[in-house]
Amino acid sequence: MVRLVKMVRRAARTAAVVSVASALAGAACSPSPSSDDQRPASAPRSVERLTIAVDQDRGPLNVFVDADPRLLELVYDTLLSPSPYVGKGKPWLAEEVRQVDARTWEARVRQGVAWQDGRPFTAGDVAFTFQYFKTAPPVGSWTHHVNDVPTIERAETLDAGTVRLTCAFACPDLGPITLSYLPILPRHLFEGVAKPAELTGLPIGTGPYRLTSYSPTSGYRFTANRAYFAGAPLVGEIVMPIIPDVNATFTALRTGEVDATTRSVPPELVQQFRRQPGLQEVTTTPLKFPELRMNFLRAPFDVPDFRRAVSRAVDRADLLRTVGLGQGRPADKGYPHPGSPWTNPRLSTPTDGREARRILDGLDFTDRDGDGVRERPSGEPLALSIKANGDEPTHVRAAELVAGHLKEVGIAATVQVIDAAALKALATSRDFDLTVSEIGAHGVADPTQFVMSHRSGYLWQAPKVAYPEWDVLFERWKATTTVPERTAVMFEMQELFNRQPTSVPLYYPEEHYAFRPASFSGWAESPGFGIVHKWSFLPREVARRVDALSQEFGPRR
Amino acid sequence: MAQYALVLWAAISLNFLLPHLAPGDPVDVFTGDANALNAEERARLRADYDLDGSLAEQYGRSWARLARGDLGTSVRYSRPVASVLADRLPWTLALVGLATVIAFAIGVAAGASAARRRGRRSDVVAVSGLMALDAMPGFWIGMVLLAVFAVQLGWLPSFGAVPLDAAPPSLAWLSEVGRRLVLPVATLVLATVGSTFLLARAAMVSALEAPYVGLAEAAGLSPRRIVYRHALRNALLPLFTHLTLTLGTLLSGAVVVETVFSYPGLGRVAFEAVQARDYALLQGAFLLVTVTVIAANVVADLAYPWLDPRVRRAPMVKPA
Amino acid sequence: MKAGARGAHRRLHLGRTGATGVAVLGVLAAIAAAAPVLAPFDPGARVGAPFSPPSTTHLLGTNDVGQDLLSELVFGARASLAVGLAAAAASTAIGTAIGLTAGYARGWVDTVLMRIVDVVLSLPFLPLAIVIGVVLGPGLATLVLLIAAVTWAGTARSLRSQVLAVRELDHVSAARAMGATTSHVLWRHVLVDVTPLVVPQFVLAAKVAILLEASLSFLGLGDRTTRSWGTTLSFAFERSAFLTDAWLWWVVPPGACIALAVLGFSLVGYGIEEMSRPRLRRRPAPVWQRQSVPAGSAAAGESAPVPVLEIVDLGVRYDTPSGAVLALDGVSLTVAAGEVVGLIGESGSGKSTVVTAAAGLLRAPAVVTHGGVFLDGEELGALSPDELRRRRGTRVALVPQEAMAALNPVLSVGDQVVEAIRAHQPLSRAQGRARAAQLLAMVGIDPARAGDHPHQFSGGMRQRIVIAMALANEPAVLIADEPTTGLDLVTAADVLRLLASLQARLGMAMLVVSHDLPAVLGLATRVIVLEDGRVVEEGTGERVSSLPSHPHTKALIDAIPRLRPPSPAVPERVP
């Protein structure tokens, strides 16, 4: 029986290889550049090797370093799947999770799963992971999921297969958020490690791929975990060379040196890649946007109505048209991202210059000397600076456009470019009026991060800086014990936020990815992850079972 | 030697001080785009990364680390700085070394022959052509080469240093590494050969005016011999000095080419370390480049007597 | 080109290259100045659709937000040239100040400053620039500052060495001796002398600055909110212009402008260099501008044997940038086989031109206007360069002026002698070495030292080695140009004795050229006196020294210090 399975598998693999070869031959023989060329109908869904360019060298994928989540989740699994951005976690490493009471969750872990080094995966690993994240050095987006919102007090094993997690306050969203987000770590490799960021070995997870080699010169090499509990991955080996330069990345894609890239196609290249023979271009809806942030600790942004005036003044259509080249939607549905299942669909943040002027007049910001620039009540002219990352040309352009929009309503703004690290340091120094930057899925599609951002200083500094309306909502939010209740309060929080925003989305971009369909055709979009993620490399039915896919890209007809 | 110690001290100190003056530190860069950490958590991370305490304390600690031969750990790559650099050094050396040797050889040969023919059409063409080449920004040359040879003609790979489908000791690997060197090396050569040429030509013109050339001419030596044996040997001396002086620039100046061709070199890693405020890595990269430059200078100092017998420490009078 | 313009050129000495550079920079500067007039649009206004290709409205299309690229290019000249010039000015100012201070103060100030310069020069330069750029934050001022910070050291170093040279110039030393204050000397004299040296440094710095601005912008370290060529390029790169057709109108024009500006500065720099070193552009070949003349038309009588060397009515002119100078005006002389002829004249009399012509080494800017040089009856002007070369060393050999400085410093003396032999004789290396040993022994140099280099020998010994080289191929005539200049009296006498004995032993003809009458009288049987390119006196040694017929000869004789009795004592020394 086993032998028969093996034979079938081998035959399938051979067929795959043959089909790759014939597809390549077909692509090579067909000179027709037309978009609907006669590509072989059976473009390969299963291949031996795929080459995908990554944009940054992030070292050997250490969870405790700022690693790319799309690469990390090839190696690690979560208890539930696919991600917080889908709304419901489906069993994954956990066979079943249930909320025992408002503050308690129990998870029954999957049996027979092994770490990539052969050690068995147990409930002890799960309990260890949650405990470890609580005490380990804090890191980027993980820590708050156990230490703040929500706060997990205890993680313990009830028996060899069951883990109990106890929260400090009600945590109905632990399942859909934290348990769908936190990678489960091997206890035998992290136990006793005080500074996990200094671990330099290759990671070991339970995931569909094992990182078998990493070097800054040759990049990452992932090998399929054939024994993966959810089913053997479709691609035998994923090679990821590091190409930091955009031009080089898309040159390599065009020449066929790589089959795909983690980078999205820049808006200005979309037309070109759509016509490019041998390439397929697809459109996705990313959970991210460029935003205009206001320093709410500094006058005049400490005045809620002033912030609303700025939000009204920003011409969202102009930004979408000019900076986003029309690829996306105007950002008139506020913050966070309207594509997230956790976002209030009734939010509305229209552009309205007249309203902005009316608010400013009402706040006694008026142009008393007739130079076209309003003065503050104190008499100083209303002159602000917008800081943006000089490495991001679209951010600089967006800042320039916003400066123009503010000028329309009588606010003078100058654009100042600084480098990325200096921009991030503003979080501590708070030496800014306005910044233009970008925020990704974790920031704009994870509702617990929305709360966290109000506590970390990103959207607000609660409870240090007074915000009574927020505090009331926060207490109500903490008290809710079911997901629908909690979501209802979250929607109220979002309405409050968008009435007096400290961050204004500039436009909701769409993204485009390009790949060589002759090499692999299993690409699909998972919300917040683009097309390069583990679900593209797993059998379709596996991904569908957990609702991981928002779009599937079969071969074009 | 004292001179070199001074250079090292200045390089390390400057490189310690300057990045610390820049706004932002590794922890700021590190905390993700959502800035999800609160102040206490940041403070804890700073302590973890040895970034707490006053600037003077950190400076002292960085020397103490160096004294132990420890370059520290790169925050960005979560690997020891030494191993991050060891991965990059051979590629930079291959790239810059090859380009330097080739540019020097071509520049000197062309400069010598132009000096010999100065005033003639071929000289005018060479001077104006190479001067124009010298005037083009290096990244621009690289971009054009990339567009023509990698994209349009598809003759050569467009990125990286090593092939993705061959392993190190094989011949296939070696030839592929060679192919991937072609465009970056050609770019560096084209970007630097002009200045070498002009310098070589000027040095050759001087040498061709020297008395020994008159003597050689009077002795009826062939023009070829006069140019290449007599004048060139002497003209090489200032060129050699110039080469060793500009080695630091060459080594780090490769960053632009490394960027265009996504070549994993030292210049690029230093550049990325600055952007990530990866102090330890930046310091390590800087130190490595400085040490390499110093080493090259020492080698040059040792090699110079071989080129110029006047500075050899030979006895003035040999026993008969 | 009009004659007037060409004349102006000549006065400026900038040459065509430099003038082209000035013109290029002038045009660019004019574009920068007239930008508001020339640009079709306000470069900050969004006047078209983003990423538009060229059209009649937008000749170079539009950029990523729909601003007119041609206008951006025209206005970009302002920032790019300003950064280049400001950075060059700052770098040159710092470099000059440090270089002058170090060069003039010397002592510990010099030591400290030069140590700093050395350190800065050894530091890896681009990472340093990147770090500084990030610390100061992007901006034009930052660019200027950091370009200056990384380029001043080179200027300082080269200026210091030049100041050291200038310091020793006569008038500066004199001013110091006369008690001029330091600052006065520094400003009046040194600065006046150093300014010509600063200009090329400035030009070089400007060139480097413009290229650096582009490179730093490419790396994202420029200021994207200002409008320079580098910024335009960096936006083009970041917005994938190289992957689409847009590179034709978005990348090529600013790149060409940068290259043009840099080229302009390069050309000016080259022009300045040419100005101080005219040979950089001059053709080295001689120009013969006269009809061939028959040999034997000189005064030599029918009965005289065929002369080995005959110069007939030779006229030579030098064309210099400041005008033509007549060096020889109808000089004729003969040297018969085995005869020793002395050629006497003050410096500037044309002696050296006679030597160069006789050795077949005349070249531009010399122009032979009339007459000719005959070797064994063959006219040198009629020979191909290669035929001429084959006669040098074999028929006519030269011991050049300052012969002790004429050896190649990097080759061993043995090799140089061997080379002279093997240039004309088909000998193996070993045979050549054996012959060289003979020659060295003949001139009194220990052949065991053949492997030594010139600097290991004394001046007199080097003179002998050069003589050995000249004799290597047993020439018919040996020309000794100022054989005793630069030697002390004893060594000079040794060398003269050596020449005399060699001439006697080998029986070759010899032309001894000198301003030193006694030296010539000791060797020559016949003496020719040259003044202002003309032969003014000719006769036997005794006659010329005892009965000079020309006032100039008299003056020459009177100038001889009376260390030894004049004419009567000399003939004894003639072999």
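How much area is buried between chain B and chain A, and what part of it do carbon and sulfur atoms give?

1. In this predicted model, the area buried between chain B and chain A is about 4,400 Å², and 57% of that area comes from carbon and sulfur atoms. On the side of chain B, the residues B:S78, B:F159 and B:L164 supply 14% of the area which that chain buries against chain A, more than any other three residues.

2. The contact draws 48 residues from chain B and 63 residues from chain A. Across this interface the rule finds two salt bridges, and one that can be named joins the side chains of B:R277 and A:D419, with an N to O distance of 2.9 Å. Six residue pairs in polar contact, both residues at pLDDT 80 or more, are also found across the interface.

3. Several elements of chain B give two or more residues to the side that touches chain A, among them α2, β2 (79-80), α5 and α7 (138-152) of chain B. The most comes from α3(B), with six residues. By class, the residues on this side of chain B divide into 22 nonpolar, eleven polar and 15 charged.

4. As to confidence, the mean pLDDT of chain B is 82, with 94% of its residues at 70 or more. Among the elements of chain B, helix α5 (residues 81-116) has the highest mean, 89, whereas helix α2 (residues 26-30) has the lowest, 76.

5. Residues 314-320 of chain B should be read with care: pLDDT stays under 50 over this stretch, for which the model has eight contacts beyond four places in sequence.

Conventions. Residues are numbered from 1 along each chain as its sequence is written. Chains are lettered from A and ligands numbered from 1 in the order in which they are written. Side-chain values use heavy atoms; hydrogens and water are left out. pLDDT is the predictor's confidence in each residue, from 0 to 100. Helices (H or I, at least four residues) and strands (E, at least two) are DSSP runs, numbered from the N terminus. Contact means heavy atoms within 4.5 Å. Buried area is the accessible area (1.4 Å probe) that two parts lose on being put together, summed over both. A salt bridge is a side-chain nitrogen of Lys or Arg within 4 Å of a carboxyl oxygen of Asp or Glu. A polar contact is a pair of N or O atoms within 3.5 Å; within protein, one must be able to donate a hydrogen and the other to accept it, and residues adjacent in sequence count only if both atoms are side-chain atoms. Ala, Val, Leu, Ile, Met, Phe, Trp, Tyr, Cys and Pro count as nonpolar, Asp, Glu, Lys and Arg as charged, and the others, Gly among them, as polar.
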